[in-house]
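Reader: I would like to go through some of the terms used for this model and ask what each one rests on.
Author: Go ahead; each answer will set a value against its cut-off.

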Amino acid sequence: MSFQLDTTFTPSGDQAQAIAKLCKSLDAGNKHQCLLGVTGSGKTFTMAHLIAHVDKPTLIISHNKTLAAQLHSEMKSFFPNNAVEYFVSYFDFYQPEAYIPRTDTYIEKDSAINDEIDRLSISAMTSLITRRDVIVIASVSCIYGLGAPEDFSDLIVSIKVGDIIERDDFLRQLVTCLYERRDFDFRRGTFRVRGEVVEVFPAESENVAVRVEFFGDEIDRISLIDVETGRVRETKPAYAFIPAKQYVSPPEKRSVAIRNIRQELEEQIAFFEKQNKMLEAQRLKMRTEYDLELIQELGFCKGIENYSRHLSGRAPGSAPSTLLDFFGKDFLTLIDESHAAVPQIGGMYEGDRSRKSVLVEHGFRLPSALDNRPLRFEEFMERQKQIVYASATPGPFELINCRADNHTFIPVKRHRRGDDIPDHFHGIVFSSPKEIRVEPSPSSQSVEDFNPTSRRTPLIVEQIIRPTGLLEPIITLKPLKGQIDTTIELCRDRVSKNERVLVTTLTKKTAEDLTEYLKSTGLRVSYIHADVDAVERVEILRQLRSRKIDILVGINLLREGLDLPEVSLVCILDADKEGFLRNETSLIQTAGRAARHIHGECVLFCDVITDSIKRLIELTEYRRSIQQQYNLEHRIEPRSVNRAAQSPLRLYDETPEDTPSWRVAEEETPYGQPTIEELEREMKNAAAHLEFERAAIIRDQIKQLKQQNLS
């Protein structure tokens with residue numbers, strides 16, 4: 001089936017030209033292209049048109065699972081007749097296994113699996129195995145190891161009405177696929193038996209089970225039934241049961257893997273004994289023998305992914321199978337907010353290896369555990385055929401690999417040799433905003449894939465016209481002297497107009513002190529920084545939108561996806577202190593928080609106009625001029641984004657105004673407060689609907705109730 005874009009909207013603004021240019025570049029076979037789209041310009045709509053045009057399985061990578069959930073919802077609305085899947089880490093909580101030699105502290109792996117996300121992940125793998133019209137929205141977890149696609153396919157149990165098969169043989173096949181027999185606790189990934197009737201709850205199903213009825217050794221009927229009521233929904237001529245877990249291995253591979261694991265165990269024990277590390281040798285032997293018994297008897301054990309190299313038959317040091325392998329060789333990759341996602345992909349490998357090297361060195365894991373890892377960046381790139389990067393502020397890697405055409409203005413900054421660039425390059429020099437020269441490293445083995453001078457030149461395509469007509473915020477420079485008093489004056493003016501203000505500082509201490517000072521002047525203000533719990537941040541942002549507070553002070557308020565239409569003013573204190581928080585990307589992203597309001601303005605307090613400030617001003621003026629010309633030609637009157645404020649993320653009754661709404665009153669229990677069991681059901685329901693922030697709120701409330709019960 002082809003991708004069928006279902007929408008009543010037509011491309012507006014400069015979406016049409018962006019779609020045309022990117023489609024032309026993709027048709028030409030270029031590997032790298034970038035969509036430089038500002039917030040509110042409709043990047044997701046453009047991406048949907050690219051998917052429909054290319055008509056290939058598509059992977060969309062987001063650096064944040066909440067933003068991934070938003071993309072999943074939007075893509076499902078664009079492609080209701082195609083498979084739109086969601087693949088993120090299925091852990092609600094994850095504490096990786098680790099060892100701290102200095103204090104002799106072993107931290108055991110601890111995790112809580114979100115059953116709904118696990119179901120969605122298996123559903124994504126199933127869709128990629130069985131069809132081609134698939135869009136998978138994934139987080140960086142897509143570069144982590146999975147079972148091999150061929151093993152996953154080989155273990156699929158296919159049946160049809162009229163097949164001759166003994167019931168017990170069918171049950172053994174289900175067990176091989178890691179289904180469990182549960183006659184009473186019937187849940188996803190289990191089966192139950194009642195005489196000649198076998199009911200299976202498929203791993204990818206939400207609330208539908210499969211009833212297989214035997215007549216002797218013949219399959220007489222296959223029915224889809226409602227899990228809750230047992231009512232037959234429809235009958236099927238055939239059905240295919242996919243494996244119940246992401247890590248699977250056929251029995252024949254499993255026996256070979258067990259022999260290889262034992263051999264590696266003997267070699268490693270001998271190595272430790274030669275080094276006189278008897279404790280490490282004994283520790284490794286006990287742990288590994290226990291895991292091998294579980295794998296041999298059950299086909300699964302806790303931490304089975306650490307034996308993935310043996311179970312899949314891979315060579316030492318080779319890359320693991322990942323979600324990318326399920327796509328095959330010809331697919332399209334879209335990376336949303338690439339300036340954040342690309343560095344995230346590149347940073348996973350080293351951190352994982354550092355932690356596991358310590359475990360191997362001290363006898364907690366076999367050396368083969370090092371091969372259970374995320375892909376290295378070059379391995380990730382080798383598996384790509386065509387990539388579209390989407391960002392308002394492309395990073396150095398995107399700028400290197402996607403060069404602008406003659407009509408595109410791209411903001412770039414000069415880098416020193418070897419400064420903040422991938423290892424594939426010896427250095428980069430930006431000779432002008434429209435030219436990028438790359439000096440490849442002589443030792444690089446894969447420069448051909450990354451050096452745009454050796455390939456047909458791809459495009460960086462701008463999409464900066466907003467259909468709403470909104471302009472980029474006005475950039476105003478003010479002196480450092482008296483910046484606090486000036487900020488107070490600006491805040492009072494905006495508050496009197498029922499508008500909101502963001503203020504950014506350089507340190508947490510400054511943010512807290514400034515908040516207290518602004519409160520003393522009668523302003524309603526709060527702060528956000530890294531020490532503020534993530535759940536509390538959600539509630540603070542909601543209070544800003546509902547005008548319980550008017551001013552928000554923070555350090556890094558440039559979070560991608562931060563949607564605050566009421567904010568009309570952003571004040572950046574000490575804007576000339578060049579660094580991570582005041583570089584070009586940070587300034588552009590921070591100023592963009594005021595781009596959803598018709599009176600948007602960004603005030604920078606500085607005594608020196610740094611290169612980053614200069615680039616921000618140039619870029620802003622350029623984008624404003626383009627939007628103004630478009631508005632004039634099409635007679636568009638700019639209007640602010642109007643979006644309803646988010647409802648409170650809590651289940652309890654209203655608390656007094658001076659009590660933070662994310663806390664439970666300690667003096668008394670609110671009337672009608674739900675029980676822990678009710679809250680747990682509500683938390684699972686929120687996670688099932690991909691409402692992760694609400695699920696986190698409820699999780700913290702459950703912890704508070706449990707602590708109260710203990711006290």
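Reader: Why is I269 called buried?
Author: This is a predicted model, and in it I269 has a relative accessible area of 14%. Buried means under 20%, so I269, at 14%, is buried.

Reader: Where does I269 lie, and what does I269 touch?
Author: I269 lies in helix α7, residues 251–274. Leaving out residues up to four places away in sequence, I269 touches A281 and K285. Contact means heavy atoms within 4.5 Å. As for A281, twelve residues separate it from I269 in sequence, and the C-alpha to C-alpha distance is 5.0 Å.

Reader: Why are β10 and β15 said to stand at the edges?
Author: The sheet is open, with six strands in the order β10-β11-β12-β13-β14-β15 and mixed pairing. β10 (180–181) and β15 (232–236) each have a single partner strand, so one side of each is left without a neighbour in the sheet. Helix α6 (residues 167–176) packs on this sheet, touching β11, β12 and β13. The direction of α6 makes about 15 degrees with that of β12.

Reader: What is the strand order in the sheet that holds β22, and which strands stand at its edges?
Author: The order is β22-β27-β26-β23-β25-β24, an open sheet of six strands with parallel pairing. On average, neighbouring strands here are turned by 20 degrees against each other, direction ignored.

Reader: How do you know that β24 pairs with β25?
Author: Four bridges join β24 to β25 (residues 551–554). At least two are needed, so β24 and β25 pair. The two strands run parallel, and the bridge partner of Y527 in β25 is V553.

Reader: Which helices pack on this sheet?
Author: Helix α15 (residues 483–496) touches β22, β23, β25, β26 and β27, and its direction makes about 170 degrees with that of β27. Helix α18 (residues 584–591) touches β22, β23, β26 and β27, and its direction makes about 150 degrees with that of β26.

Reader: What makes a space count as a cavity here, and how many are there?
Author: A cavity is a set of points where a 1.4 Å probe fits but cannot get out. By this rule there are four cavities of 30 Å³ or more.

Reader: What lines the largest cavity?
Author: Its volume is about 180 Å³. The lining has 19 residues, and L146, G147, Y247, S308 and L311 lie nearest the centre. Helix α9 (residues 308–312) gives the most, with three residues. By class, seven lining residues are nonpolar, eight polar and four charged.

Reader: And which residues line the second largest cavity?
Author: The second largest cavity holds about 50 Å³ of space. Its lining includes E472, I588, L616 and R623. α18 and α19 (611–634) are the elements that give two or more residues, and the largest share, four residues, comes from α19. Five of the lining residues are nonpolar, two polar and two charged.

How values were computed: Residues are numbered from 1 along each chain as its sequence is written. This is a predicted model: local features need pLDDT of at least 70, side-chain atom pairs count only at pLDDT 80 or more; totals for chains, interfaces and linings use all residues. Side-chain values use heavy atoms; hydrogens and water are left out. Axes are lines fitted to C-alpha atoms, for helices over the stretch in contact, and angles run from 0 to 180 degrees between N-to-C directions. On a 1 Å grid over the protein atoms alone, a cavity is a set of points where a 1.4 Å probe fits but cannot get out, and a pocket is an open set with protein on both sides within 12 Å along at least five of seven lines; lining residues have an atom within 4 Å of a point. Grid points are joined across faces, edges and corners, and a volume is the space filled by probe spheres set on the points. Ala, Val, Leu, Ile, Met, Phe, Trp, Tyr, Cys and Pro count as nonpolar, Asp, Glu, Lys and Arg as charged, and the others, Gly among them, as polar. Buried means under 20% relative accessible area, exposed over 50%, partly exposed in between (1.4 Å probe, protein chains only).
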